[in-house]
Amino acid sequence: MKGIGACLLLAAVLISSTGATAAGKPVSSLSYYHTSGNQIVDAQGKPASFNGVNWFGFETDNFSPHGLWTRSLDSMLDQLAKEGYNLLRIPYTNEMLLPGKKPSGIDYVKNPDLKGLTPLQLLDKLVQKAEKRGMKIILDRHRPNASGQAERWYTQAVPEKTWIKDWTMLAKRYLANDTVIGADLHNEPHGSVCWGCGDSDSDWRLAAERAGNAILAVNPDWLIIVEGVDANVKGQSGSYWWGGNLKGVRKFPVRLKVPDQLVYSPHDYGPGVSSQPWFADRTFPTNLSGVWDANWGYIHKEKIAPILLGEFGGRRVDSTSKEGKWQNALVDYIGQNELYWTYWSLNPNSGDTGGLLLDDWQTWNKPKQKMLARIMKPVNSATK
């Protein structure tokens, strides 16, 4: 019930000064999430039911969700709701928050209500429209700037103080708006980043604590979502996918000042993205569950914290190709362990993986949906 208590505390402050909550919602209607063991639960302690998908574009130099050049935002959200999706992971770049930045790649004939909006106002509009369809949103700081991903959470152009400042701005902006439920702090730390080494400039675990605690000081009801690294885990050898190696959690867990808000979020991909030793193992694909257990699955199995598989996906879903076998095995692993997930991606223009939409941005990928149906949960996504 901690979520309700925190909401009431925040609302009391807001009501005393403004007469209403920041989002204009009655306090009793707010429904945030927190964690209990390896589960994400709502304010009443009921386990969350999420079917998640990534919809990218805000992190590119379009500063807008992709596909709006050919469809309306409403029609795409309606299609997602129809297919049973109620959780959106929305990547963004800090660059879109700079003064003077404007969205592009939008057909304003199909999206007249988006005309003249800044990227941040466009994000507001997405949040409003998602709320009407009963959807929740996780914000993902995907890139410091639109030119590409970064190993570390900071760059010369976007120092750590800017990274944290932008996160706390967003936490304040969506305070008392329970459509936005969490912050995925930085996408796919890798390379020179370490976990547990103790160096404040390179230890991702320490940086996640700094940013997570700053966000929770503003909005104690947000889930703080922390990805792994790829290598350089103190006391461990071997490497894994960018953001996928969470072996360091056992000895060096992320410590947050607000309890029960932490979710770990690995990324995992198949041979269609890059060749890996475990795909060539003679026991493939039966070896995969052990690979996943070692890198991140143990966190769920030992009830250390919930696991949200933030990204996974691929073009092949058949039972004969290596990628198809990998992807079906991972879907089964998710189902058997009742993990949370956001599939990569809605967009068909993800070069390595394709999307749930085909290249016409209209037609749903039925083979992928048939595979994912094995882990889809019943949800309420009716338009309010």
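**Stop 1: helix α4**

Select α4 and colour by accessibility: Trp163, Ile164, Asp166, Trp167, Thr168, Leu170 and Ala171 are buried (under 20% relative accessible area with a 1.4 Å probe, protein chains only; exposed is over 50%, partly exposed in between). Before going on, note that this is a predicted model, where local features need pLDDT of at least 70 and side-chain atom pairs count only at pLDDT 80 or more, while totals for chains, interfaces and linings use all residues. Residues are numbered from 1 along each chain as its sequence is written, and side-chain values use heavy atoms, with hydrogens and water left out.

The helix itself covers residues 160-173; helices (H or I, at least four residues) and strands (E, at least two) are DSSP runs, numbered from the N terminus. Now show what covers its buried residues: β4 (87-93), α3 (119-132), β5 (136-143), β6 (180-184) and α5 (204-218) are included.

**Stop 2: the nonpolar cores**

Which residues touch the most other members of the largest nonpolar core? Pick Leu139, Leu185, Trp195, Trp204, Trp222, Tyr264 and Phe312, out of 97 residues in that core. A nonpolar core here is a set of buried Ala, Val, Leu, Ile, Met, Phe, Trp, Tyr and Cys residues joined through side-chain atoms within 4.5 Å. Helix α5 gives the largest share, seven residues. Another core lies apart from it, with twelve residues, including Ala48, Phe50, Ile181 and Val263.

**Stop 3: a cavity**

Next, select Ile40, Phe50, Leu87, Ile138, Leu223, Ile225, Val263 and Leu308, which line the second largest cavity. On a 1 Å grid over the protein atoms alone, a cavity is a set of points where a 1.4 Å probe fits but cannot get out, a pocket is an open set with protein on both sides within 12 Å along at least five of seven lines, and lining residues have an atom within 4 Å of a point. The cavity's lining has eight nonpolar, no polar and no charged residues (Ala, Val, Leu, Ile, Met, Phe, Trp, Tyr, Cys and Pro count as nonpolar, Asp, Glu, Lys and Arg as charged, the others, Gly among them, as polar).

**Stop 4**

Now for the second largest pocket: 18 residues line it, and Gln149, Glu188, Tyr269, Glu311 and Asp352 are the closest to its centre. Its lining has six nonpolar, seven polar and five charged residues.

**Stop 5: Lys301**

Finish on Lys301, in helix α6 (residues 288-301). Lys301 counts as partly exposed because its relative accessibility is 44%. Leaving out residues up to four places away in sequence, Lys301 touches Asp293, Tyr333 and Asn337 (contact means heavy atoms within 4.5 Å).

Conventions
The expected span of a helix is 1.5 Å times one less than its number of residues.
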